[in-house]
Amino acid sequence: MKKIEALIKPFKLSDVKEKLIEIGVHGMTVTEVKGFGRQKGHTELYRGTEYSIDFIPKTKLEIVVAEENLEKAVEAIIAAAHTGQIGDGKIFVSSIEETIRIRTKERGKDAV
């Protein structure tokens with residue numbers, strides 16, 4: 001099994017969620033986070049004063065999928081989150097050794 005962590009623009013969350021549901025993803029964890037990449041923040045003007053915004057708001061999705069569904073899930077995230085602008089985000093994929101559903105004690109694919 002694989003864990004997908006995707007950092008996306010917050011306003012793209014509903015599009016990504018819909019696309020993942022279409023391909024059969026049954027659950028995800030969503031966290032509001034802040035960070036910066038190559039753009040290193042930006043400046044904003046408020047009442048005539050310029051402010052430096054060092055950390056950009058992002059939404060982090062965490063999804064666990066079976067290995068055979070990995071590419072479909074990654075492609076769905078890319079298709080839904082893409083704007084073509086700087087800061088569209090990143091996707092990280094890592095291996096999951098074991099998954100256990102606490103309520104039923106199911107393991108592996110059955111627990112996802």
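This is a predicted model: local features need pLDDT of at least 70, side-chain atom pairs count only at pLDDT 80 or more; totals for chains, interfaces and linings use all residues.
Alanine 6 lies in strand E1, which covers residues 2-8.

**Alanine 6 and its surroundings**
- Because its relative accessibility is 0%, alanine 6 counts as buried, the cut-off for that class being under 20% relative accessible area.
- Leaving aside residues up to four places away in sequence, alanine 6 touches Thr59, Lys60, Leu61, Ile77, Lys90 and Ile91.
- Between the C-alpha atoms of alanine 6 and isoleucine 78 there is a separation of 9.5 Å, although the two residues are 72 residues apart along the chain.

**Strands that pair with E5**
- Strand E5, made up of residues 56-65, pairs with E1 in the antiparallel sense over seven bridges, and within this pairing glutamate 5 stands opposite glutamate 62 of E5.
- Strand E2, residues 29-35, also runs antiparallel to E5, to which it is joined by seven bridges, and glycine 35 has isoleucine 56 in E5 as its bridge partner.

**Lysine 105**
- Lysine 105 is placed in the segment that follows strand E6 (89-95), and its phi is near 65°, a positive value in a residue other than glycine.
- Most residues other than glycine have a negative phi.
- Lysine 105 is classed as exposed because its relative accessible area is 67%, where the class requires a value over 50%.

Conventions:
Residues are numbered from 1 along each chain as its sequence is written. Side-chain values use heavy atoms; hydrogens and water are left out. Helices (H or I, at least four residues) and strands (E, at least two) are DSSP runs, numbered from the N terminus. Buried means under 20% relative accessible area, exposed over 50%, partly exposed in between (1.4 Å probe, protein chains only). Contact means heavy atoms within 4.5 Å. Two strands pair if DSSP finds at least two bridges between them.
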